[in-house]
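Biologist: Could you take me through one spot in this protein at close range, and then step back to how the chain is divided? I would enjoy a connected account.

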Amino acid sequence: MRKVLLLLLALVLVAAVAFGFVKNVIYMIGDGMSFNNLVLASYLEGKRLTLLNTPYTGWVLTHSADSIVTDSAAAGTALLSGFKTNNGMIGMLPDGTVVPSIAEIAAKNGVKVGIVVTCRVTHATPGAVYGHVESRNDENTLAEQLVNSDITVVFGGGWRHFVATGGKRTDGKDLIALAKAKGFDYITTRTEMLNYHGDKVLGLFSSSHLAPASERSGEQPMLWEMVDKALEVLSKDGAPFFLMVEGSQIDWENHGNDVYGMWQEVLEFNKAFEVALEFAESHPDTLIVVTSDHETGGLGLSTGGYTMDIELLRGYKKNADWLARESGGDIEKLKSLVKEYCGVELTDEDVSFIEAMKAANPSYGYSNAIGRILSNKAKVGWTTFDHTAGPVPIFAVGPGAEHFVGVFDNTDIPRIIGRLAGYPLVYPTIEVPVQ
Ligand SMILES: [Zn+2]
């Protein structure tokens with residue numbers, strides 16, 4: 001009897017080494033999310049975000065193949081495939097050589113794959129899960145690649161790249177029909193999602209991106225609701241799964257230098273992490289890795305005077321995009337909205353700055369200027385409206401989480417995940433001891 005037990009134990013150990021000891025992977029990417037985003041959101045909440053209580057944490061460096069400041073396409077490729085590429089490229093090396101993502105490798109080996117985002121599912125980060133294009137702008141091709149991939153669950157926005165008419169396609173292809181032929185159920189509302197009990201689903205809840213977290217309502221689901229349903233669908237038959245979750249719009253609020261908008265996006269992402277954590281607690285063979293693709297905005301937690309006005313920020317009720325849209329460019333209207341929803345009086349100097357920014361950049365200048373001014377009123381600073389080369393945080397929970405302590409290159413992360421989960425990576429792995 002003892003011999004049999006020992007033999008069984010040996011077999012289990014061999015299986016663990018051969019296939020990895022992580023069964024499920026939840027890979028969460030806060031787009032453009034910085035250390036300071038998480039710290040400022042924590043101060044605003046008056047308590048640490050759950051993410052900051054994660055036991056294992058480190059830093060990630062994010063430069064791309066052709067720039068010290070990456071974009072989301074090159075960063076997504078690094079985080080999903082383990083290779084540097086040029087800004088703008090997805091799922092291929094700078095010379096055009098296609099590289100598979102760990103999700104694709106996993107799917108070929110019986111692992112179910114899911115994507116949950118709040119942007120178009122053909123945007124750069126989700127695109128890096130399944131896509132291979134020279135330009136991230138080629139979202140029609142990405143939509144085709146998605147429908148033809150081995151993915152089981154897709155929740156996000158962007159049906160305009162899938163429908164034959166009334167969207168952005170010019171080739172007349174009906175990718176919704178193709179998706180259905182490939183076994184996807186197609187849904188478009190939060191109600192349909194909450195009541196969904198099938199096995200393979202494409203949920204596109206908006207023509208383009210979902211509304212920002214601070215304004216989303218009605219039939220567009222929140223990130224945590226999509227994560228909850230994706231975990232239910234992916235785990236129902238007990239097969240291993242890989243789920244990529246993106247807090248897509250943290251980046252955009254940072255681009256807009258918008259503290260209120262960033263705060264609400266970070267809270268949504270943190271709540272999605274809590275849902276993942278709850279799942280992992282009842283499924284202890286689940287590894288959760290949370291990181292970011294790059295820093296955006298260069299958020300600085302004080303512009304001087306050894307202080308920040310957290311109380312003023314806590315009173316903000318609307319994001320800069322909303323204020324810009326609602327005021328319609330009318331400065332007097334903007335002044336009264338900013339007073340009503342943020343408790344801030346705009347000065348003549350503020351108005352000159354807003355008008356100059358608007359003239360210089362008709363698309364985003366007006367909204368960006370409002371975000372920058374509302375930040376500065378509370379002594380919060382930003383270095384840019386673009387990305388920066390700042391390091392980003394990484395957090396891990398679950399089996400193998402201790403391998404995510406230290407300072408990493410972004411290309412290390414999928415290789416470590418792949419090795420821990422036993423995905424047969426098709427390129428030399430960095431040495432990671434498997435327990
Ligand atoms: Zn990004």
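**A close look at Thr85**

Modeller: Happy to! Thr85 sits in the loop that runs between helix H3 (72-81) and helix H4 (102-108). Please keep in mind that this is a predicted model. Is Thr85 buried or exposed? Thr85 counts as buried, because 29 C-beta neighbours lie inside 10 Å, and 20 or more are enough for that label.

Who are its partners? Leaving aside residues up to four places away in sequence, Thr85 touches Ser64, Ala65, Ala74 and Thr77, and also Met92, Leu93 and Pro94. Ala73 makes a handy reference point too: 12 residues separate Ala73 from Thr85 in sequence, and their C-alpha atoms are 8.5 Å apart in space.

Now for the wider view. Where the two meet, domain 1 brings 12 residues to the contact and domain 2 brings 15 residues. On the side of domain 1 that touches domain 2, helix H2 (35-45) and helix H11 (259-282) each supply at least two residues. H11 gives the most to that side, with 3 residues.

Notes:
Residues numbered from 1 in each chain as written. Predicted model: local features only at pLDDT ≥ 70, side-chain atom pairs only at ≥ 80, totals over all residues. Contact = placed C-beta atoms within 7 Å. Helix = DSSP H or I, 4+ residues; strand = E, 2+ residues; numbered from the N terminus. Buried ≥ 20, exposed ≤ 12 C-beta atoms within 10 Å, placed from the backbone.
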